[in-house]
Amino acid sequence: MASVVTTLSYINGFCCTKPSFGFVSYPSSSSQQKKRMVVVKAETINPEIRKTEEKVVDSVVVTELSKNITPYCRCWRSGTFPLCDGSHMKHNKATGDNVGPLLLKKQ
């Protein structure tokens, strides 16, 4: 039996579903084993902000950055979290959402 907890939070007005951890127990031939798995449900992250735009991307200007532009993930799907790897594109196609990264730009 799986135990799943979904955590919702709001960041810059976006409702974020954080990946939740559950434990699945099942009997094996020698003993009970517990395996940890990540449970991520495909659902809309941005229910109401700027829905007329194809993709919501915000930029912040920062004076001390090592790169000219640094994208941060807001979809919670990135394999390089907290940095954006473009996973929001697959998420947006699957859910009809329009979430995009937060871009930190060097001044």
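**View 1. Contacts of Thr-70 in the predicted model.** Leaving aside neighbours within four places in sequence, Thr-70 touches Leu-83, Leu-102, Leu-103 and Leu-104 in this predicted model. Thr-70 belongs to strand 6. With a relative accessible area of 13%, Thr-70 is buried, since residues under 20% are counted as buried.

View 2. The strands lie in the order 5-7-6, and their pairing is mixed. Strand 5 (56-62) and strand 6 (69-72) are the edge strands, and each of them pairs on one side only. On average, neighbouring strands of this sheet are turned by 25° against each other, direction ignored. Strand 6 and strand 7 (residues 99-106) run antiparallel where they pair, over 4 bridges. Tyr-72 has Leu-102 of strand 7 as its bridge partner.

**View 3. The two sides of helix 1 (residues 87-95).** Ser-87, His-88, His-91 and Asn-92 are the buried residues of helix 1. These residues lie on the same side of helix 1 because they cover an arc of only 135° around the axis. An α-helix has 3.6 residues a turn, so residues three or four places apart point the same way. Strand 7 is included in what covers the buried residues of helix 1. The face turned away from the buried side carries the exposed residues Lys-90, Lys-93 and Ala-94.

**View 4. Cys-73 and Cys-75.** A search of the whole structure finds 0 disulfides. Cys-73 is in no disulfide, and the nearest cysteine sulfur, that of Cys-75, is 3.7 Å away. Likewise, Cys-75 is in no disulfide, its nearest cysteine sulfur being that of Cys-73 at 3.7 Å. Cys-73 is buried at 11% relative accessibility, and Cys-75 is buried with a relative accessible area of 2%.

**View 5. The loop between strand 6 and helix 1.** Both Trp-76 and Pro-82 are found in this loop. Trp-76 is a residue other than glycine with a positive phi, near 65°. Phe-81 and Pro-82 are joined by a cis peptide bond, with omega about 15°. Most residues other than glycine have a negative phi, and most peptide bonds are trans.

**View 6. Arg-50 in the loop between strand 4 (32-39) and strand 5****.** Arg-50 is not a glycine, yet its phi is positive, at about 45°. The relative accessible area of Arg-50 is 33%, so this residue is partly exposed.

**View 7. Confidence along the chain.** The average pLDDT of the protein is 74, and 62% of the residues score at least 70. Residues 1-30 have a pLDDT below 50; beyond near neighbours in sequence, this stretch has 72 contacts in the model. Where pLDDT is low, the predicted coordinates should not be read in detail.

Note on methods:
Residues are numbered from 1 along each chain as its sequence is written. This is a predicted model: local features need pLDDT of at least 70, side-chain atom pairs count only at pLDDT 80 or more; totals for chains, interfaces and linings use all residues. Side-chain values use heavy atoms; hydrogens and water are left out. Two strands pair if DSSP finds at least two bridges between them. Axes are lines fitted to C-alpha atoms, for helices over the stretch in contact, and angles run from 0 to 180 degrees between N-to-C directions. Buried means under 20% relative accessible area, exposed over 50%, partly exposed in between (1.4 Å probe, protein chains only). Contact means heavy atoms within 4.5 Å. The arc is that of the directions from the helix axis to the C-beta atoms. A disulfide is a pair of cysteine sulfur atoms within 2.5 Å. pLDDT is the predictor's confidence in each residue, from 0 to 100.
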